[in-house]
There are 2 protein chains.
Amino acid sequence: MPAMDPPVDDAPASGPGRLPPTIEWRDGKVRLIDQRRLPAELVFLEASSVAELCDAISQLAIRGAPALGVAGAMGVALAAHRGEDPPAAAARLIATRPTAVNLRWGVERALAADDPLREALAMAAEDSERNRSLGRHGATLLPDRCQVLTHCNAGSLACADYGTALGVIRSAHEAGKGPRVWVDETRPIMQGSRLTAWELARLGIPATVLVDGAAGSVMARGQIDCVVVGADRIAANGDVANKIGTYSLAVLARHHHIPFYVAAPLSTVDLACRSGAHIPVEQRHADEVAVFGERRVVPAGVAIANPAFDVTPARLVTAIITDAGIARRPYRPALRGLFSLPAGG
Amino acid sequence: MPAMDPPVDDAPASGPGRLPPTIEWRDGKVRLIDQRRLPAELVFLEASSVAELCDAISQLAIRGAPALGVAGAMGVALAAHRGEDPPAAAARLIATRPTAVNLRWGVERALAADDPLREALAMAAEDSERNRSLGRHGATLLPDRCQVLTHCNAGSLACADYGTALGVIRSAHEAGKGPRVWVDETRPIMQGSRLTAWELARLGIPATVLVDGAAGSVMARGQIDCVVVGADRIAANGDVANKIGTYSLAVLARHHHIPFYVAAPLSTVDLACRSGAHIPVEQRHADEVAVFGERRVVPAGVAIANPAFDVTPARLVTAIITDAGIARRPYRPALRGLFSLPAGG
């Protein structure tokens, strides 16, 4: 990213307030919240070339399945706007995050459109509408005053707007159900601490952060009524790729007889992918684990494994909440059925 | 701690090499490895008063159940040496870490002795001998070329010498069994990354660090043959208090049909404590979770839960490996039986 004077939002970092757009088209550039700087400061990054946008994606300045769909589409629009070759730009954009099916979906949708920019803007608007619909469906599953555990960030920051897993919680909150949220900090990138806790504080929804290893013992104490997470890709059989740590939560939820819900727009479902065994799992740089703040915490010469995602088998998923409705086992026919319904229906 | 010119060890941080004593009596002071500085540098801290030693314990410059037993005894010796009131010193020492039964045990043993220093030195020597015995018992449970997962640090740094859970792995390594180790980084204090990985690198035992949330998916891939952890306190019925995250691993191990072993000297077994429900769980400062390196990662105004330990029920523990032998279910008679044997027998 080139140096720039970043625009700074003065809205308070905690307390009820609006959440700014995660990504938008502005003056021929793609403007997005630089999520690496949260929660300390709300800074916007403006990508004026496909290369800059690819850097922003690969460095996680923007992340989250639905947001990456819009980012991919806007990347193609940016290539067209700048006179770069759209198919070449598409390939570079898709390669930045191999697990995220929405990124590829957004890129391909914009590439097939007569006007990539109009398509990208339509996708952002649809994303907002879809997530509100998904939230309404999901909120019906949450009992009053329930305690919900979530992992990573599947909120407004992971989308163009509103959020998926956090959209479910937000919809329950708006309906007066009074949910309280346990937030896994989500090592190594801390999307739970940094992003989910920031969103919940802005929305005035009570939240408690805990280390990932503590979720099991909180479940054992009876303090978690359900788990709601997002997804980076859902296979046709209902297997779910999501942030590393999700699978462990699904096993723990099963052990404690707690419902485990996955919330994602239908665009996250990849019907061409038969099962989780066919989902590529991105391995990220060892320094995400080895360097803690500015300090190296793993001694030199010791190996590090840093898979970004894991795959949760469908049998551990209680329900998949989409914008088109709620799917339950067996997922293969249930997901196919939702695709035949109008979105939001 | 007062400022001082810390002695620095020049031994390489990685590669085969000796492990220095975790804690020792030297020139009327208690000299210990300052574990907060690892793995970046091996620095020794010298406590010349009970207050300094209490600070070192509460700030985790020294930690680990068996090491705290020796530290407690040396604290009483330090009080006697300095002309401080030993019973008052004992109470202050015990209050620093409420879950660790060995700390109280070490303090009370030195307090009851005619010569607290001789008693403390005897305890350190016994600890070394006991851990080697424990390691030999435990190594019989590890198949050749096995992949072992461990959590937190139950190594030489958690003891006067050799280690408990790592002592089992070390004994298997010395017996030519070629174990390979998966090391949970262990949030929030990173004892896995910082301490366990450092010890294993020095001992030349292959190790791979991973975030705590990744252990489940590595188990699902069939890459973990057993789990070996230490313990901070074991109740008479075999319930185990250990570092937060241990319980989740026990549930995950059960789900994947992987043996889950707890390695601890008999002094960690508290026969007066009927079950895990009676073990107090220390809640530590929120900043351990909220501040990442020098940076605040949890927004202000968001609650944080930071339990230092969790309790794993005996039914999830495949075996308890002690210096006196291996206990299996039902644990109440098995543990009582081990107490009647000579230590090391």
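**Ground rules**

I noted that residues are numbered from 1 along each chain as its sequence is written, and that chains are lettered from A and ligands numbered from 1 in the order in which they are written. Because the model is predicted, local features need pLDDT of at least 70 and side-chain atom pairs count only at pLDDT 80 or more, while totals for chains, interfaces and linings use all residues; side-chain values use heavy atoms, with hydrogens and water left out.

**Entry 1: how the two chains are related**

I started with the general idea that two copies of a chain are related by a rotation about an axis and a shift along it.

**Entry 2: where the chains meet**

I looked up the contact (heavy atoms within 4.5 Å) and found 49 residues from chain B and 49 residues from chain A. The copies meet through the same surface, because 100% of the interface residues of chain B are also interface residues in chain A.

Next came buried area, the accessible area (1.4 Å probe) that two parts lose on being put together, summed over both. The two chains bury about 3,900 Å² between them, 67% of it on carbon and sulfur atoms. In chain B, the residues losing the most area to chain A are B:Tyr247, B:Phe292 and B:Pro299, together 13% of what that side buries.

I then checked salt bridges (a side-chain nitrogen of Lys or Arg within 4 Å of a carboxyl oxygen of Asp or Glu). Two salt bridges are counted between chain B and chain A. One of them pairs A:Glu185 with B:Arg187, and their closest N and O atoms are 2.6 Å apart.

**Entry 3: a sheet with strands from both chains**

For strands and helices I used DSSP runs, numbered from the N terminus: helices are H or I with at least four residues, strands are E with at least two. Two strands pair if DSSP finds at least two bridges between them.

I traced an open sheet of eight strands with mixed pairing, in the order S14(A)-S6(B)-S5(B)-S4(B)-S7(B)-S10(B)-S16(B)-S17(B). S14 (303-304) of chain A and S17 (325-327) of chain B stand at the edges with a single partner strand each, so one side of each has no neighbour in the sheet. Within this sheet, S4(B) and S7(B) run parallel and are joined by two bridges, and B:Leu149 stands opposite B:Val227.

**Entry 4: a hairpin**

S8 (residues 233-235) and S9 (residues 240-243) of chain B pair in the antiparallel sense over two bridges. Their hairpin has four residues between the strands, and B:Gly238 there takes a positive phi near 95°. S9(B) also pairs with S15(B), antiparallel over four bridges. What stands opposite B:Val240 in S15(B)? I found B:Thr312.

The peptide bond from A:Arg187 to A:Pro188 is cis, with omega near 5°; A:Pro188 lies in the loop between S5 and H7 of chain A. Another cis peptide bond joins A:Arg329 and A:Pro330, with omega about -10°. B:Arg145 is not a glycine, yet has a positive phi of about 55°.
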